[in-house]
Amino acid sequence: MVPVVSTPATLKHAPAAMDNAEVLRIRNDFPILGREVNGRQLVYLDSGATSQNPVSVLEAEQEFYEQRNAAVHRGAHYLAVEATEVFEASREVLAGFIGARANEIVWTSNATEAINLVAYAFSNAAAGRGGAAAGQFRLGPGDEIVATEMEHHANLIPWQELASRTGATFRYIPVDDDGALRMEEAAKVIGPRTRILAFTHASNVLGTINPVQALVRMAREHGAFVVLDACQSVPHLPVDVKALDVDFAAFSGHKMLGPTGIGALYGKAELLNAMPAFLTGGSMITTVTMDRAEYLPAPQRFEAGTQKISQAVALAAAVNYLRETGMDRIHAWEARLGQRLVSGLEAIEGIRVVGPAAGTERIGLAAFDVDGVHSHDVGQFLDDQGIAVRVGHHCAQPLHRRLGLVSTTRASTYLYNTTDDVDAFLAAVAGVRKFFGVAR
Amino acid sequence: MSSDLQQLYQQIILDHAKARHGAGLAEAPAGDLVGEAHMLNPTCGDELTLRASVHASGEALTVSGISWEGQGCSISMASASVLHDLAVGRDRQALLGLMEDFRTVMRSRGSIEADEEILGDAAAFSGVSRYPARVKCAMLAWVALEEALPGAE
């Protein structure tokens, strides 16, 4: 077996809880965090959109290209064998990270593709594709697909489209004025007609962690499949898909210290193996004639064409970096940063933080509205001071509309952010309304 | 605060962003040609609906009204306000020339300074061209006007 990872030396003897001193050592592993922007030290608070890469991830990718580059699952030459080994070893690393088995992880380009894979497998089943076991995925008029009002467009539009293609009805669980899921409504929306329940584990706008257990229980009562958008949870908190008992979960590599261009779909093995294919072509077949084709079991059935090999190897290195640091420790540190963000923002006049107030659980992000100043102007003002945040609707237009907003500014943290980063951000935000002439 | 940022958000822009000249869709003068366009910047959700009217008198085509409604950042709102002031009462063909000048400045990545004599308050947007991500904001109303402006052969 060839090595797929390198371990950050600085993290071998980490203390029980993370602190700024440890974060400063962690930062040394991230070259980009050392750069200046607009003449100021970069303060990177946009990890909710994309995270940065430690040297071990960059080296893993380079090492693959320098030593083992070849197409996987085809060819019998030496490099092809090694490439296949590291590719599959990477799958095992990722599977272990979320409590899954390796054959339950399908590599995708990103979480969006992962969710579309599930949606298209359902509509292919509805079109009569797949074996007898695919019958359980057939949707049609009278069936209902349920999502929530807080979803990222990636976990919303694929379901709207699936409903349109199959004649099923799309419904959603509304949120209250603070953005929390209205669970009493969930109990009404989820019913005997519900076939799919899709929701986010942690909101990319509100920072809330949704009650997975309660929602899964409602879905199970009615025999519905559960699809979890884990984009903001897998990178930031310990996630065990078996303990959560979801049927599918999707997440992206670039939000968890890995490269862009790779994500993953977790699916229970018996479900993946019963699902019709989504993308079809090379390397996902057993027998092909000029009339038809037979397909491999999962996960290969869903991995048509040359795969994201170096990205998988690099993502495994990212997973090892996170594991070395400890997901429970990262979660605790970011929860602390999240509280610091919210309590700091709440103390600034004219700021409205969306999602739970300070003192209530949230992940390490906060989105907010600045009275009288558009989020793009807020972001520009912060960028001028080297502070990178996200502005706009964060791919959650319906949620913003529900909250009476068009856009917000969002600061999101990761394991490499210090409390100083948060404080620099808060000090800058405090000057926004004065600069734009809406406060003295 | 960097001088670039102050160059971007000149007082004249911040003032126009508040004043919003031409805001609120208005009825066009009776008998004039009318056009309307709706623009959306999907990256930020900014929206703008612009109505333009042109008065024809013999061969002469004069812009008789510009009104708009929308929501967006200070750059996009100020730009719509400035465009209103620049366009109303102007010869249609002359306005198209000014719009082309403005576009050239916006695409220059900071290399062309707008002539205030020609572009008036719109010259204050020169600083925007250094921020490629914001050029769309400055152009929102102008692109809407290009589509809405009636009177083409």
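Two strands are taken as paired if DSSP finds at least two bridges between them. Helices (H or I, at least four residues) and strands (E, at least two) are DSSP runs, numbered from the N terminus.

The model is predicted: local features need pLDDT of at least 70, side-chain atom pairs count only at pLDDT 80 or more, and totals for chains, interfaces and linings use all residues. Residues are numbered from 1 along each chain as its sequence is written, chains are lettered from A and ligands numbered from 1 in the order in which they are written, and side-chain values use heavy atoms, with hydrogens and water left out.

**Stop 1: a hairpin in chain A**

Select strand E11 (residues 285-288) and strand E12 (residues 293-295) of chain A, which run antiparallel and are joined by 2 bridges. A hairpin of 4 residues leads from E11(A) to E12(A). Within the pair, Val288(A) stands opposite Ala293(A) in E12(A).

Next, select Pro299(A), which lies in the loop between E12 and helix H10 (309-325) of chain A. The peptide bond that leads from Ala298(A) to Pro299(A) is cis, with omega near 5 degrees.

**Stop 2: the four-stranded sheet of chain A**

Display E13, E14, E17 and E16 of chain A: in that order they form an open sheet of 4 strands with antiparallel pairing. Strand E13 (351-353) and strand E16 (390-392) of chain A are at the edges, each with a single partner strand, so one side of each has no neighbour in the sheet. From one strand to the next, the twist averages 30 degrees; axes here are lines fitted to C-alpha atoms, for helices over the stretch in contact, and angles run from 0 to 180 degrees between N-to-C directions.

Within this sheet, strand E14 (residues 365-370) and strand E17 (residues 408-412) of chain A run antiparallel, joined by 4 bridges. Ala366(A) stands opposite Ala411(A) in E17(A).

From E16, move to the loop between E16 and H13 of chain A, where His394(A) is found. His394(A) is not a glycine, yet has a positive phi of about 55 degrees.

**Stop 3: a salt bridge across the chain A sequence**

Select Asp177(A) and Arg402(A), which form a salt bridge with the closest N and O atoms 2.9 Å apart. The term denotes a side-chain nitrogen of Lys or Arg within 4 Å of a carboxyl oxygen of Asp or Glu. The pair links distant parts of the chain, 225 residues apart: Asp177(A) is in the loop between strand E6 (169-173) and helix H6 (183-189) of chain A, and Arg402(A) is in helix H13 (residues 397-402) of chain A. Over all chains, the whole structure holds 25 salt bridges.

**Stop 4: the interface**

How many residues of chain A are in contact with chain B? There are 14, and they meet 21 residues of chain B, where contact means heavy atoms within 4.5 Å. The area buried between the chains is about 1,500 Å², with 56% from carbon and sulfur atoms; buried area is the accessible area (1.4 Å probe) that two parts lose on being put together, summed over both. Select Gln380(A), Asp384(A) and Phe435(A): they supply 36% of the area that chain A buries against chain B, more than any other three residues.

The count between chain A and chain B is 1 salt bridge. It can be shown by selecting the side chains of Asp377(A) and Arg134(B), which meet at 2.9 Å, N to O. Helix H12 (residues 375-383) of chain A gives the most to the side of chain A that touches chain B, with 4 residues.

**Stop 5: the three-stranded sheet of chain B**

Turn to chain B, where an open sheet of 3 strands has the order E1-E2-E3, with antiparallel pairing. Strand E1 (33-41) and strand E3 (60-71) of chain B are at the edges with a single partner strand each, so one side of each is left without a neighbour in the sheet. The twist averages 15 degrees from one strand to the next.

E1(B) and E2(B) pair over 9 bridges in the antiparallel sense, and Leu40(B) has Glu47(B) in E2(B) as its bridge partner. The hairpin of E1(B) and E2(B) has 4 residues between the strands, and Gly45(B) in the turn has a positive phi of about 85 degrees.

Strand E2 (residues 46-57) of chain B pairs with E3(B) over 11 bridges, again antiparallel. The hairpin of E2(B) and E3(B) has 2 residues between the strands, with Gly58(B) in the turn at a positive phi of about 65 degrees.
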